[in-house]
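Grab a pencil and work through these exercises with the model open beside you. Try each task before you read its solution.

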Amino acid sequence: MNNLTIVKVGGAVVEDPTTLNTLLDDFAAMQGNKLLVHGGGRAADKLLNRLGVEIKKVDGRRITDKETIDVVTMVYAGLVNKNIVAQLQRRGVNALGFTGADLNIILSHKRPVKTIDYGFVGDVDSVQTEVLFSLIEQGAVPVVSPITHDGRGQLLNTNADTIASELARALAKSCGVTLVYCFEKPGVLMDATDDNSVIGTLTYDKFKEYQATGIINEGMIPKLDNGFDAIRAGVASVVITNTDGLKNGRGTRLVI
Ligand code: ADP
C-alpha cells in the first residue's frame, strides 16, 4: 500500500441524514485506499436526555461518567457506526466498522485527574498499524468510532479528531497519508459568518495568532492542534474542509 486517505467526519455532518448522504456519496466515489473516522456528539446527547442521564460538560468537553460511557459506546460504536457501514455497503464500499478495542487497534489510558476529572476519557498510547494495513490491503474500508480501550477491560471515550490524527501519524510511517477533517464549513474561516472567507493555507504561527485574536476558537482549536501534530509527524497533507472539499479539493491546507 503506497497511499491512504483518512477522512474524519464531524458531528453535525453525521447527524443530518442529508449531509451524511452527500458525504458518503463523495467518500464512496474517492479512488484509492481510504479510512473513515466519525464523531457523533449530539446523537449521544439525545439518547442521554431520553434516558434521563445528566449531561455534564466543562468548557464544552464532556465529563464521561459510568452511565455516559455506556451510552456513548451504544451510540458511537453501535448506531452511528453501523448505520455508516450499512450506508457504505449500499454504495458498494466494503466497509468494516470497529472501535479502537477491536483487534487492539487503539490502546489508550484514562486521562489522569488534574483539576478536572473527565471520567472515562482515553488519551491514546499506541496504534496497531499492521492489522490495519492488512485489512485495507484485503479491500476493507475501515470505519472507526471514537471509542478506545485500556487493555484491562475498560472502554474509553476518545476525541474523534485525535483518533484521526493518531491513525494518520502511525500509518504515515509506512505510507503516504492524506488527512481530511470534514465538518460543516468550507474550511477555517477568517469570519465565522462568511463562507467565502476560507483561509487557503494556514501556518502554525498564523493559527496561534488567530487563536489569540479569537478568529479561531472553540472546537477548531483542538482540531488544528491535532492537524499540526499530524503534519509534524510526517503526514503528507492535512486539509480542513466540508463535504464539497472531498470532490473539489478546496479547503484549508495546513503547513508548518
Ligand atoms: P466537528 O464538527 O468536526 O465535531 P467541532 O464542532 O469540534 O467539529 O469544531 C468545529 C467548530 O469550530 C465549528 O462548529 C465552528 O463553529 C468552530 N470554529 C471556530 N473558529 C472557526 C473558524 N475560524 N473557522 C471555522 N470554524 C470555526
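**Exercise 1.** Find the distance from an oxygen atom of the ligand to a polar backbone atom of G11.

*Solution.* Start with G11: the gap from its polar backbone atom to a ligand oxygen is 3.5 Å. Next, go to M220, where a polar backbone atom sits 3.3 Å from an oxygen of the ligand. Then try N217: here a backbone N or O atom is 3.2 Å from a ligand nitrogen.

Keep in mind that this is a predicted model, where local features need pLDDT of at least 70, side-chain atom pairs count only at pLDDT 80 or more, and totals for chains, interfaces and linings use all residues. Residues are numbered from 1 along each chain as its sequence is written, and side-chain values use heavy atoms, with hydrogens and water left out.

**Exercise 2.** Which residues come nearest to the ligand?

*Solution.* First, collect the residues near the ligand (a heavy atom within 4 Å of it): there are 15 around it. Then pick out the nearest, which are K8, L189, I215, N217 and K223.

**Exercise 3.** Sort the residues of the shell around the ligand into nonpolar, polar and charged.

*Solution.* Begin with the rule: Ala, Val, Leu, Ile, Met, Phe, Trp, Tyr, Cys and Pro are nonpolar, Asp, Glu, Lys and Arg are charged, and the others, Gly among them, are polar. Now apply it to the shell, and you get 6 nonpolar, 5 polar and 4 charged.

Note on methods:
Polar contact = N/O pair within 3.5 Å; in protein donor to acceptor, adjacent residues only side chain to side chain.
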